[in-house]
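Subject: Handover of a structure and its findings

Dear colleague,

Please find below a structure that I am passing on to you. My notes on it follow directly after.

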Amino acid sequence: MSRAEVPLMRKKRRSRQSARASAVAIDAATSDVGQEVVERRAFCLEDYVTAARNPSKTLSASLFMFFATLFSTVALGSLIEKQTLSRIGLTEYLYMNSLAGIIHSLLGTQPLLVIRPTGPVTAIIIKLSGTSDHFGFNFHHFLAATGVWVGLLLAAMAVARVSRYAYRLTPFTHEIFACFVCSIYLSDGISSCIARLEGSEASFERFGTALFNLNLAAITFGGSAVLAGAVSWRLLPRSMRAVIADYAVTIAVVFTTAASLWSDIAAPRVERISMPSTFSPTCHHTPSDFECLHQHVPEPSLVTAPPRAWFVGFPVEPFCWLVALAAALPISFFFFIDQSISSLLCQLPSMGLRRGTYMHVSLLIVGVFNAVGPAFGLPFVTGSLPHSPQFVAESRVAPLLMYTLMGLPLLSPGLLKLIPEAAIDGILAYVGYEGIVSTDLVLHGFTAIQLAMLALCWAVNLSPAGLCVAFVVLSLIPLRERLLPRYFSTEQLAVLDGGSLASPLTPQPTPPKARPSRVAPDPHMSHAIVVHGEAPLAAAANEETAEVTVGDQAELSARLTEPDFSQPPEETRVSREKVVVDYLD
């Protein structure tokens, strides 16, 4: 064995260890919904006891997640309010984020998942708004009908245990999907900044206002990036640097808001987040446009009109239900992929979870949210990754407290109204940029293929068939399983996929049991190799009999390159030319 093969052997050994550690999780994840409920119920009381034993850790995780999730949700809610002509906005985003999160933290089998409206959800709702305009549907009725179909499809997937096939979503698919999602954030942030410059050449005042807002966006983006790297500073104590890095976006937004209020001349010209003064829906109606058809646009006269009712109802036209079903099919597949990847990554063996792995119940609950929420004009939700490693304590109290805090801005919207919209652009751009650079996409040897598929995702997303991007993501599975093995060996794909192919749901083949072999001791050699088939096994020659298994292959092989410095060099030198290769049967 050459020295170059030792890292690969060690990587294989770590994969086997992960597989053994997740053996119980594989069985749990392939159980049905009822079994998951029964198994998780046994730990219900312990979930709250864990929080009581670690109050400071629970509080810090809740606050960290609150600020990290809040500004991302605020950015998306502000964006969709502009893109959908105020049919749905920040109020609905915060309300759904808080309500769905509280329910999931109490009833979900895996509270590690962060349930919220994400960037892809925002893109989907914007496309549904355009579809309702195209066909002349009531937007809220069309959204409600689509939500019913999405909820039914996700519930059927949960009951049919479709999540058991989520192990086929390898890192090849993970990283392309993650980059696509993050690129949506990045694109939205940059597009909003560019839009501020449109028409600014008409007057010096408009140009100055646009330039000032661009500076605010740049301050938010640059400040977040600089503060996020505080852990590598040498200036402050390590604990303080960690706090600064964790709350980088929050600190940057606070500083940007203060900068926008500093000048009495510039402050009135800064566009800020709009929210209803009371807890009410974003959309308002005039008496002549009560049904909020596709002609509805935000006008100054609508400010004095009453808001829409919370319950929007369902369409009566069969054609609307048919179009909603056609839209719900790709949306459901997209949500399944998003939910499955998030569930896999937050339940890897490296997380050290001790209360099992659960997939189906969370998918079912998300289906219920997406069936009921749109009937009240609320956005879809799906699972996303936990931003805080402290959530690994498997406590329900931390997410419960975080989601409760998410609803507080609805009771006092004045604080959010101070945030400049340019800061939202900076947040979106930073979140997208940070997500892209944190993946291993640029490190793999098959980066060109991944980038090509990422470009295809964007091409479909920008086309009239944008909702079908889920099918493109699904096609990555046969591409990875059928096409790439023709050009890359199994060992190469294992390394290129980051060596983490063993997810909690990956079925692990049982290694062949090696028969014991007898190796005659050789006083002139420090090691001997026993080979069965193609697997070289190392055994210590100073023992009369050495029984070696395939599981010890990597460790014992590595010992060939590690001399024993406790003995004289001439007695410990390993001669590759004299290694005994035995093919005993």
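Phe221 is partly exposed, its relative accessible area being 28%. In these notes, buried stands for under 20% relative accessible area, exposed for over 50%, and partly exposed for what lies in between, with a 1.4 Å probe and protein chains only. Please note that this is a predicted model, in which local features need pLDDT of at least 70 and side-chain atom pairs count only at pLDDT 80 or more, while totals for chains, interfaces and linings use all residues. Residues are numbered from 1 along each chain as its sequence is written, and side-chain values use heavy atoms, with hydrogens and water left out.

Aromatic pairs

Tyr430, at a relative accessible area of 7%, is buried. How many aromatic pairs does the structure hold? There are 19. Two rings of Phe, Tyr or Trp (its six-membered ring) pair if their centres lie within 6.5 Å; planes under 30 degrees apart are stacked, those over 60 are edge-to-face, and the rest are tilted. The ring centres of Phe221 and Tyr430 are 6.2 Å apart and their planes stand at 80 degrees, so this pair is edge-to-face. Because Phe221 lies in helix α10 (residues 204–228) and Tyr430 in helix α17 (residues 421–437), the pair ties together parts that are 209 residues apart in sequence. Helices here are DSSP runs of H or I with at least four residues, and strands are runs of E with at least two, numbered from the N terminus.

For Phe279 and Trp310, the ring centres are 5.4 Å apart and the planes are at 35 degrees, so the pair is tilted. Both residues sit in the loop between α12 (248–262) and α13 (318–345), 31 residues apart, and the pair links distant parts of the chain. Phe279 is partly exposed at 38% relative accessible area, and Trp310 is partly exposed at 24%.

Ring pairs also join Trp149, Phe311, Phe314, Trp321 and Phe376 into a cluster. Trp149 has a further neighbour to note: Leu325 is 176 residues away from Trp149 in sequence, yet 5.9 Å away in space, C-alpha to C-alpha. Leu325 belongs to helix α13 and is partly exposed, with a relative accessible area of 27%.

Two or more lining residues come from each of α7 (119–135), α9 (171–197) and α13, and α7 gives the largest share, 4 residues.

Thr122

Thr122 also lies in helix α7. Thr122 is buried, with a relative accessible area of 1%. Which residues does Thr122 touch, not counting residues up to four places away in sequence? They are Leu76, Leu79, Ile80 and Tyr93, where contact means heavy atoms within 4.5 Å.

With kind regards
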